[in-house]
Amino acid sequence: MRDYALFIPEYIACGVALLIIAIELFAPKVRKDTLAYLTALGALAWFAAGLAFLDRDPKSYQGLFLSDDFTSFFRLLAAGIVFVVALMSAEFLKRHKGVDHGEFYGLLLVAGSAMTVMAGATELLTAYLALEVLSFSLYILVGILKRDLRSNEASLKYILLGAFSSALFLYGLSLVYGTAGTTSYAGIAEAYASRDSGLDPAVVVGLMLILAGVGFKVSAAPFHMWAPDAYEGAPLPITAFLSTLSKAAGFALILRLFSSAFVTDAETWRWAFLALAALTMTVGNLIAIQQKNLKRLVAYSSIGQVGYMLISIAALGYGDAQVGINATSGLLVHLVGYIVTTLALFSALTAAVNRTGSEEIAGLRGLAETQPFLALVITASLFSFAGLPFFAGFATKLFLLQGATTDETIWVVALAVLNSFISLYYYLMVIRQMYLFDPVGDASRYRVQPVLWGLAAVLLVGILFIGMYPGPAFEFSEQAARPLFDAASAAAAARVQAP
């Protein structure tokens with residue numbers, strides 16, 4: 001049945017994107033920050049429309065897209081990220097006159113809509129097309145500073161490596177289609193459950209190629225090479241966008257795909273995810289120690305965070321539905337905490353960089369004296385990333401690791417705890433610059449733009465609220481995780497039971 005009403009929130013988002021581009025085209029003299037506030041209003045309307053889809057029975061659009069609480073979770077997350085990044089950009093882009101503002105804000109909304117489709121896709125080609133829409137939006141946004149050589153270089157590297165990963169992903173999809181005879185997630189699970197036992201080389205190669213493709217999208221090691229350069233060359237708000245929305249979208253696709261289509265072959269891929277998790281968190285945290293640039297530090301820190309999240313994907317293949325729900329809800333609540341923390345950090349960094357013009361860690365010297373509020377927000381964000389008590393990262397990482405702990409994953413959970421201690425070292429090096437050194441030159445105390453101050457304050461409250469009272473976020477995540485497992489067939493569940 002063609003139920004077009006399932007896409008009403010995305011109609012709003014894409015409609016606002018077209019409106020913004022039209023305003024830029026027909027009224028070029030309009031104040032540029034007006035477009036940012038219009039984007040934020042559009043994101044709010046998108047969020048409000050998305051709320052209406054919560055707690056509804058799942059509905060499918062011709063077997064291509066499923067609207068359920070899992071899709072709604074990522075829809076609300078996408079709208080929230082676009083809202084914050086649009087407001088963050090309003091102040092940042094005043095300093096960069098060469099940016100085509102209409103395109104910039106329109107692409108934020110289009111990329112967010114693509115993330116919703118990736119979360120709800122129940123068919124391989126739909127997922128692939130949504131992934132490409134998101135990727136092309138990000139390629140343009142990373143290189144949006146046309147006169148900045150670093151931005152151009154970052155965009156070029158991102159496009160080249162992105163094209164390579166897309167080719168891997170597409171080849172993996174073709175092998176899956178060749179062995180299952182269908183592109184539907186449910187059809188693939190049914191076809192793989194009914195085949196003879198034993199490893200099929202084509203299936204294994206197809207799964208590994210798909211894993212490599214999605215590993216690139218979430219910047220898992222060894223597919224992370226693009227991330228530090230893209231993060232460094234992109235405008236600061238787009239670095240925040242890459243660090244939050246692109247990762248959330250990647251995990252939305254992985255969760256739906258591997259918990260439904262490939263659940264019957266969990267024993268084939270769960271060890272690959274475990275190895276990927278261990279490698280990603282270790283590589284990310286060890287290389288982060290050596291960084292001098294703030295954006296590159298965040299890039300490697302986010303790679304480490306991806307390693308923690310991949311443990312949950314490995315736990316999905318354990319063969320127990322309750323373990324799957326716990327692992328998925330733990331991953332979703334950690335995504336919420338991670339996104340709130342990252343956006344808080346970038347709100348404060350944007351305000352500081354707007355003032356100093358430096359993106360180096362040393363540029364934060366004496367920030368506690370010149371702007372103590374920004375220093376406080378950055379400190380709280382870094383403590384949250386490290387997983388210290390009373391901050392969001394502590395509670396969400398605790399749920400994440402608890403949910404993902406099984407007798408097979410316990411060694412990598414222990415490695416995650418060790419990596420958290422390593423990450424604390426380089427976070428403290430940043431805090432040291434702000435609190436133990438004097439400001440550079442004769443820098444004096446300054447005021448922060450009201451929009452950025454308000455954003456940072458609200459997100460700081462979010463970090464503390466989730467850290468001290470995580471119940472609502474966890475219940476919401478658990479509600480979003482359940483539809484994935486309600487849809488699993490009994491045959492598929494039986495196939496993945498541990499021997």
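Visitor: At what angle do helix 3 and helix 18 pack?
Guide: This is a predicted model, in which local features need pLDDT of at least 70, side-chain atom pairs count only at pLDDT 80 or more, and totals for chains, interfaces and linings use all residues. Helix 3 covers residues 69-92 and helix 18 covers residues 450-468; helices are DSSP runs of H or I, at least four residues, and strands are runs of E, at least two, both numbered from the N terminus. Axes are lines fitted to C-alpha atoms, for helices over the stretch in contact, and angles run from 0 to 180 degrees between N-to-C directions. The two axes lie 9 Å apart, and the packing angle is about 150 degrees.

Visitor: Is the crossing of helix 3 and helix 18 left-handed or right-handed?
Guide: A crossing is left-handed if the near helix is turned anticlockwise from the far one by less than a right angle, and right-handed if clockwise. Helix 3 passes helix 18 in a crossing that is left-handed.

Visitor: Which residues of helix 18 does helix 3 meet?
Guide: Contact means heavy atoms within 4.5 Å. From helix 3 come Val84, Leu87, Met88 and Glu91. In helix 18 they meet Val451, Leu452, Leu455 and Leu459.

Visitor: Where does helix 10 bend?
Guide: Helix 10 runs over residues 236-261 and reaches 37 Å from its first C-alpha to its last, close to the 38 Å expected. That expected span is 1.5 Å times one less than the number of residues. A bend is the angle between axes fitted to the seven residues ending at a residue and the seven starting there. Here the bend is about 30 degrees, at leucine 242.

Visitor: How many residues of helix 10 are buried?
Guide: Residues are numbered from 1 along each chain as its sequence is written, and side-chain values use heavy atoms, with hydrogens and water left out. Buried means under 20% relative accessible area, exposed over 50%, and partly exposed in between, with a 1.4 Å probe and protein chains only. Helix 10 is mostly covered. Of its 26 residues, the buried ones number 25.

Visitor: Why does aspartate 265 count as buried?
Guide: Aspartate 265 sits in the loop between helix 10 and helix 11 (266-288). Leaving aside neighbours within four places in sequence, aspartate 265 contacts Tyr192, Arg195, Val203 and Leu207. Aspartate 265 counts as buried because its relative accessible area is 6%.

Visitor: Which residue is joined to proline 222 by a cis peptide bond?
Guide: Proline 222 lies in the loop between helix 8 (201-217) and helix 9 (226-233). Omega of the cis bond is about 5 degrees. The partner of proline 222 is alanine 221.

Visitor: What is the phi of serine 219?
Guide: Serine 219 also belongs to the loop between helix 8 and helix 9. Serine 219 is buried, at 0% relative accessibility. Although serine 219 is not a glycine, its phi is positive, at about 55 degrees.

Visitor: Is glutamine 62 buried or partly exposed?
Guide: Glutamine 62 stands in the loop between strand 1 (59-61) and strand 2 (65-67). Its phi is positive too, near 50 degrees. At 41% relative accessibility, glutamine 62 is partly exposed.
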